Amino acid sequence: MKAGSGNASVAKLLLGSSLSASFVFAIGANQAAQANSKTIIAVEPLTCDLVSAIALPSTPVTCLIDRKQDVHDVKITPRQAQTLKSANQVFTLGSEMTPAIKNWLDNPKTVVVGVSAIEIDEHHDDHDDHSTAKHDDHDDHSAVKHDDHDDHDDHDDHDDHSAAKHDDHDDHDDHGDSHGDGSFEWAGVFDLSAGTYKWSFAKVDGDYADPAMKMVILKSGDIEASEELAEELLESKNSEVKRNNDKLVAQEKAYVLTFNERKDSTTFTVEIKKAGKYAFFTEHMPFEFEADEHFFKDVSGDDVEPIAQVPEEGGDHHHHDHGGLDPHIWHDPHNIIKMGNVISKNLNKKISFFDRETKKVLKERTQSVNSILEDLDQWTQNQVATIPSDQRKIVSKHKAMEYYGDAFGLKAISLLDFLGHSSSLRPQTISAVIAELKKENVKVLFAEQQPPSKLLRNLSRQTSTPIAKQQIFVDGLMPTGNTISVAVHNTCTIVNSLGGSCNKKAGNQLANRWDTLTKR
Ligand SMILES: [Zn+2]
């Protein structure tokens, strides 16, 4: 989750202050741990809110990760590791949601309450309406769900991803962008003999995907090794403008390719002086500019294909789903009830068999939590029912609203994988999503951050579909409020944007009931 802010320096300030706040909090937790053996740590903000609602008010609960951090990409600091070590119990959604917690899963004090810990109901009702893209993912989902838990290869693979992501992130935190918005969207290596080649950019549906685009060409056969230099060059102000029919060579300087609006396509000549491997880094996916011709051709007009590219073409191999477990389970309130029951059971184990009174209070608190969540489920159904049935579609950047869609009968369409990694973006996905938005007559897109990501803005422009004024919070809590208020916010944003009418007042009453439980 990225709360986002229109003003970069304000966002930075907020982040700075919230970090120092959690820093102080973590020291407090260490001291409390020594004094009180009952200290409970909850890793994700949403998990923390749920544990706080269930655990006895006398039990100290420490939230490990700040609300403003992106749990998909967070790293555990040495101090947080210290806090985790001192805890009596640790509750987490698990590594599917929070990859950084992977090393703590073997700790006997760690209790996973996420997707790998609960039984997920299968909603089969409206699957036939779903897109092919979604169907594949679902099949994948159920196929790996039951037998892939111990597959550590997946996890290792996963770690590489997040490590790479992190470097990327450090560069981009300044403008408050979330995942998937690096300085290049695509890179490809071509094995080329000396000679001239043509790289063309075509209008798709009467428009270029962008009026201009940056490109860097380097003499390199290794995308990863050249990535840093390429990013530096792409971000540098020292670039060279090129127009239709201009010549491009491998050099340590970025080109700004400017497209000719009066023509249906703009072509550049790539001159290769010495045979070998060349890496091309582009600000947009070259496929976004493909009408009916392949974008790269040799002098005789034959297609030239990359020998390696990032993002990789997926084919029928869904590694981008990281084992296929969607961690965003709480968007279905019934799943929060199941999470709560896991929490309650584990808290109960720590209460002495003879302490009947405490056990009773815990049971009552769990029942109160469940009753609010049942009411939230009913309330959500009532709100969604006001949306015209042909408009029940949620289009967002990363694949996080599937459970919501399944529970409440909306179709969820997204561009990126469960963790929002842009490495999962495939050219087929973009064109499939664009085609689907047109076919489905989608009226609005939902941003997951403010300002909306570049990816979503591109999609909005390419499909002439507006972005909803308010963002939705797909990865947990909002900067303020609780588990219920974020659900109410999301539902009202979705319902009101899709032509329904939301009873926010009734939703807020549920959020207030929840607040009485989390008070410490
Ligand atoms: Zn997510």
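Helices (H or I, at least four residues) and strands (E, at least two) are DSSP runs, numbered from the N terminus.

**View 1. The whole chain, to get your bearings.**
What you have here is a predicted model, where local features need pLDDT of at least 70, side-chain atom pairs count only at pLDDT 80 or more, and totals for chains, interfaces and linings use all residues. Residues are numbered from 1 along each chain as its sequence is written. The protein chain has 13 helices and 16 strands. A residue is called buried if 20 or more other C-beta atoms lie within 10 Å of its own, exposed if 12 or fewer, and partly exposed in between, with C-beta atoms placed from the backbone. By that count, 43% of the 520 residues are buried. Two residues are in contact if their C-beta atoms, again placed from the backbone, lie within 7 Å. Take the contacts between residues at least 6 apart in sequence: 69% of them join residues at least 24 apart.

**View 2**
A nonpolar core is a set of buried Ala, Val, Leu, Ile, Met, Phe, Trp, Tyr and Cys residues joined through C-beta atoms within 7 Å. The largest one here has 116 residues, and those with the most contacts inside it are Ala42, Val51, Phe91, Met215, Val216 and Phe281. So who does Met215 touch, leaving aside its neighbours within four places in sequence? Met215 is in contact with Ala254, Tyr255, Leu257, Phe280, Phe281 and Thr282.

Helix 2 spans residues 45–54, and ten of its ten residues are buried, so it is largely enclosed by the rest of the structure. Among those buried residues are Pro45, Cys48 and Asp49. Axes are lines fitted to C-alpha atoms, for helices over the stretch in contact, and angles run from 0 to 180 degrees between N-to-C directions. The axes of helix 2 and helix 7 (residues 333–349) come within 10 Å and cross at roughly 60 degrees. The two helices are therefore oblique to each other; angles under 35 degrees count as roughly parallel, over 145 as roughly antiparallel, 65 to 115 as roughly perpendicular and the rest as oblique. On the helix 2 side, Leu50, Val51 and Ile54 make the contact, and on the helix 7 side it is Ile336, Met339, Gly340, Ile343, Ser344 and Leu347.

**View 2. Helix 10 meets helix 11.**
Helix 10 (residues 427–439) and helix 11 (residues 454–463) have axes that come within 10 Å and cross at roughly 50 degrees. These two helices are therefore oblique to each other. Helix 10 brings Val433, Ile434, Leu437 and Lys438 to the contact, while helix 11 brings Leu459, Gln462 and Thr463.

**View 3. Glu288, in a loop.**
Look for Glu288 in the loop between strand 12 (276–282) and strand 13 (296–298). Buried or exposed? Glu288 counts as buried because it has 23 C-beta neighbours inside 10 Å. Not counting residues up to four places away in sequence, Glu288 touches Ala209 and Ile430. Its C-alpha atom is separated by 8.6 Å from that of Ala202, 86 residues apart along the chain.

**View 4. Gln509, in helix 13.**
Gln509 belongs to helix 13 (residues 504–518). With 15 C-beta neighbours inside 10 Å, Gln509 counts as partly exposed. Gln509 and Ser485 are 24 residues apart in sequence, and their C-alpha atoms are 9.3 Å apart in space.
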